[in-house]
Amino acid sequence: MSAPAYTVRTGTRASRLFGWGLLALLVALVAAPLWADRGMIQDLFFILTMLVLAQFWNLLAGYGGLISIGQQAFVGLGAYAMFGAVIVWGVNPVPAILLGGVAAVLLAIPTAFFAFRLVGAYFAIGTWVIADMARLIVSQWQVVGGGTGTSLPREARADMWGVETIAALFDMRAAAARDVLAYWLALALAIATVAGIYALLRSRQGLALAAVRDNVEAAGAVGVDAKRMRWSIFLVAAFGTGICGALIFLQNARIAPDAAFSVVDWMAYVIFIVVIGGIGRIEGPIVGVLVFFVLQSTLSQFGAWYLMALGLLAITVMLIAPRGLWGVISDRTGLQLFPIQRRLYGGRIAKETP
Amino acid sequence: MIWVDTILQGVLLGGLYALFAAGLSLVFGIMRLVNLAHGDLIVLAAYLILGVTTLLGLHPFLAVFLAVPLMFGIGYALQLGVLNRVLGDDILPPLLVTFGLSIVLQNVLLETASADSRRLPAGETAVEALNLGPVTVGLLPFLTFASAIAVIAALQYLFYRTAMGRAFRAVSDDPVTASLMGIRPASVFALATGIAMVVVTIAALYLGMRATFDPAIGPSRLIYAFEAVIIGGLGSLWGTLAGGVVIGVAQTVGAAINPEWQILAGHVAFLVVLLIRPRGLFPRAVD
């Protein structure tokens with residue numbers, strides 16, 4: 001009897017090929033200021049930030065079973081904390097983005113405390129209530145403009161870290177250089193988000209998370225602390241969402257409560273992206289955000305009809321292909337770009353049994 | 001004396017919120033479905049009543065009799081055609097589908113009825129007042145509250161005293177066994193949503209006569225309704241009325257202190273109840 005010679009792998013040939021392709025794509029994206037004009041940089045920024053929001057919502061809803069409709073609270077509070085730190089304390093806007101993430105976590109703790117008392121669908125509306133409270137309270141914060149909002153101070157915009165260097169490097173004006181800075185930060189955030197979530201899902205914690213999602217009681221029976229898993233991913237998602245919110249409004253340079261806490265912009269779009277792309281998969285939000293961007297750039301001139309069509313598309317997908325576009329592709333072809341399944345290779349397990 | 005008046009106004013406002021919430025409570029009680037488009041359906045019903053009022057020149061109180069069967073049909077068809085297909089152990093599909101529906105409804109209304117604020121022409125009813133000894137209350141708030149009590153009493157009767165109510169409770173407890181007894185869960189669910197839409201139409205009648213409405217106000221009505229249901233305790237219809245009153249009183253007292261605190265005070269009351277009694281004031285169902 002020799003020791004079993006099997007190995008456990010998660011990678012597939014397709015995923016390794018995809019990995020090289022992804023690397024090439026990332027190099028091209030980092031170099032985007034060399035080949036893209038300012039409008040394209042702004043489009044890429046939009047795609048990347050929506051991707052980050054969608055990935056975190058997918059982590060909550062698709063993996064954690066926590067269907068929150070209150071993530072706009074963290075977008076808005078993250079953005080407002082960044083503005084507050086810049087305006088009140090004179091912090092440079094770039095490091096202030098991190099404070100946005102911290103503020104979001106500080107809000108997420110009491111939110112989780114209350115919302116985790118509610119189960120399922122009621123959790124969803126509970127988070128919505130808290131997001132609405134956050135909006136109402138922030139609307140009364142006069143230093144950052146109260147209900148009408150405010151702009152990022154001129155000095156803060158001029159002194160933003162790295163803007164001068166970028167302007168000199170690409171020989172562009174300060175406004176364009178700020179867009180490049182925000183774009184690079186968004187790219188870094190998106191890479192960190194996707195890589196971080198992928199690493200989490202491949203780890204023991206990821207396995208525990210999937211177990212909690214599929215069956216809480218069974219997961220508990222094998223020693224998974226479901227409550228702790230939920231708390232930690234809720235806080236992680238809040239942190240990432242808060243940072244993303246701060247970044248979005250750093251690029252925007254103007255903030256108002258209704259925009260920062262918008263249910264349509266930060267929740268409806270995000271949910272549609274995840275549902276259309278495929279919930280519960282890392283590839284889903286990526287496919288979803290690309291579909292969303294194409295729809296947005298071709299149909300957004302139709303205003304309300306566009307949003308209506310988007311809603312109908314999401315309902316249709318949920319009814320006929322609940323696992324989204326990527327689910328259909330993956331089921332047909334077995335393709336996984338970010339495989340998390342553990343597969344057994346080699347060994348003689350089957351032959352040994354009489 | 002001002003405080004007594006404020007609290008009384010709050011109680012009466014609570015009647016409106018209980019009307020918003022009763023339909024939500026009914027649907028949740030029977031099929032564990034939370035309809036995120038509930039608020040937008042209230043707004044849709046308000047526009048329907050407005051349409052009938054304008055087209056036929058009827059008073060809203062008469063127009064509602066035409067809007068009720070329409071809304072019942074919409075609810076029945078919605079449940080049969082769409083929502084029945086997403087019911088199940090997984091709560092994600094119904095939530096996402098009704099959220100999508102909410103966005104669709106808002107934007108259909110925005111395109112067809114514009115973003116302008118509208119109001120149902122209530123004529124004299126809107127300004128008349130009742131003199132109740134030391135305090136005076138508006139006729140409309142009083143009628144709202146009376147209707148809330150009537151609606152909840154009717155639902156209570158329907159639920160616990162009729163064959164239809166028995167079918168509702170049976171499919172709520174165990175759809176498979178109920179279907180062995182000759183009940184078709186799909187039709188029962190459709191009927192329940194239809195009845196919920198009748199309640200929604202009554203809520204819309206008072207919403208539209210008491211204040212202005214526009215296509216975007218649905219989600220906040222959903223939130224008030226939801227808070228009333230949770231405060232009252234899941235599955236308890238009279239609890240829903242109590243929950244509505246708690247939200248109504250909190251909002252009017254908050255608004256009396258600072259007009260900007262109205263909505264916030266309602267939310268705070270909700271969180272306080274959730275903190276002290278996580279299962280609401282009168283819990284019944286174990287969910």
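**Close-up views of a predicted two-chain model**

View 1. Beyond the residues within four places in sequence, the contacts of A:Leu48 are A:Tyr183, A:Ala186, A:Leu187 and A:Ala190. A:Ala158 lies 110 residues from A:Leu48 in sequence, and the C-alpha atoms of these two residues are 24 Å apart.

**View 2. The largest nonpolar core.** The largest nonpolar core comprises 227 residues, and A:Trp57 and B:Phe270 have the most contacts inside it. Helix α3 of chain A, which spans residues 38-63, gives the most to this core, with 16 residues.

**View 3. Packing of α1(A) against α9(A).** Helix α1 (residues 13-30) and helix α9 (residues 174-202), both of chain A, have axes that come within 10 Å and cross at roughly 160°. Because this angle is over 145 degrees, α1(A) counts as roughly antiparallel to α9(A). The crossing of these two helices, α1(A) and α9(A), is left-handed. From α1(A), the residues A:Leu26, A:Leu29 and A:Val30 take part in the contact, and they meet A:Tyr183, A:Trp184, A:Leu187 and A:Ile191 of α9(A). By class, the contact of α1(A) with α9(A) consists of 7 nonpolar residues, with no polar and no charged ones.

**View 4. Packing of α1(B) against α5(B).** In chain B, the axes of helix α1 (residues 2-31) and helix α5 (residues 139-161) are 7 Å apart, and the helices pack at an angle of about 25°. This angle is under 35 degrees, so α1(B) and α5(B) are roughly parallel to each other. The crossing of α1(B) with α5(B) is left-handed. Residues of α1(B) in the contact include B:Val11, B:Leu12, B:Gly15, B:Leu16 and B:Ile30, and those of α5(B) include B:Pro141, B:Phe142, B:Phe145, B:Val151 and B:Phe159. The contact of α1(B) with α5(B) contains 16 nonpolar and 3 polar residues, and no charged residues.

**View 5. Two residues with positive phi.** Most residues other than glycine have a negative phi. A:Ala253 has a positive phi, near 65°, and lies in the loop that joins α12 (226-252) to β3 (254-255) of chain A. The relative accessibility of A:Ala253 is 12%, so this residue counts as buried. B:Ser114, also not a glycine, has a positive phi of about 65°. B:Ser114 is located in the loop between α4 (92-113) and β1 (129-132) of chain B. The relative accessible area of B:Ser114 is 29%, which means that B:Ser114 is partly exposed.

**View 6. B:Asn84 in a loop of chain B.** B:Asn84 is found in the loop between α3 (60-81) and α4 of chain B. B:Asn84 counts as buried because its relative accessibility is 18%, and the limit for this class is under 20%. Apart from residues up to four places away in sequence, B:Asn84 touches B:Gln79, B:Ala186 and B:Phe189.

Notes: Residues are numbered from 1 along each chain as its sequence is written. Chains are lettered from A and ligands numbered from 1 in the order in which they are written. This is a predicted model: local features need pLDDT of at least 70, side-chain atom pairs count only at pLDDT 80 or more; totals for chains, interfaces and linings use all residues. Side-chain values use heavy atoms; hydrogens and water are left out. A nonpolar core is a set of buried Ala, Val, Leu, Ile, Met, Phe, Trp, Tyr and Cys residues joined through side-chain atoms within 4.5 Å. Buried means under 20% relative accessible area, exposed over 50%, partly exposed in between (1.4 Å probe, protein chains only). Helices (H or I, at least four residues) and strands (E, at least two) are DSSP runs, numbered from the N terminus. Axes are lines fitted to C-alpha atoms, for helices over the stretch in contact, and angles run from 0 to 180 degrees between N-to-C directions. Angles under 35 degrees count as roughly parallel, over 145 as roughly antiparallel, 65 to 115 as roughly perpendicular and the rest as oblique. A crossing is left-handed if the near helix is turned anticlockwise from the far one by less than a right angle, and right-handed if clockwise. Contact means heavy atoms within 4.5 Å. Ala, Val, Leu, Ile, Met, Phe, Trp, Tyr, Cys and Pro count as nonpolar, Asp, Glu, Lys and Arg as charged, and the others, Gly among them, as polar.
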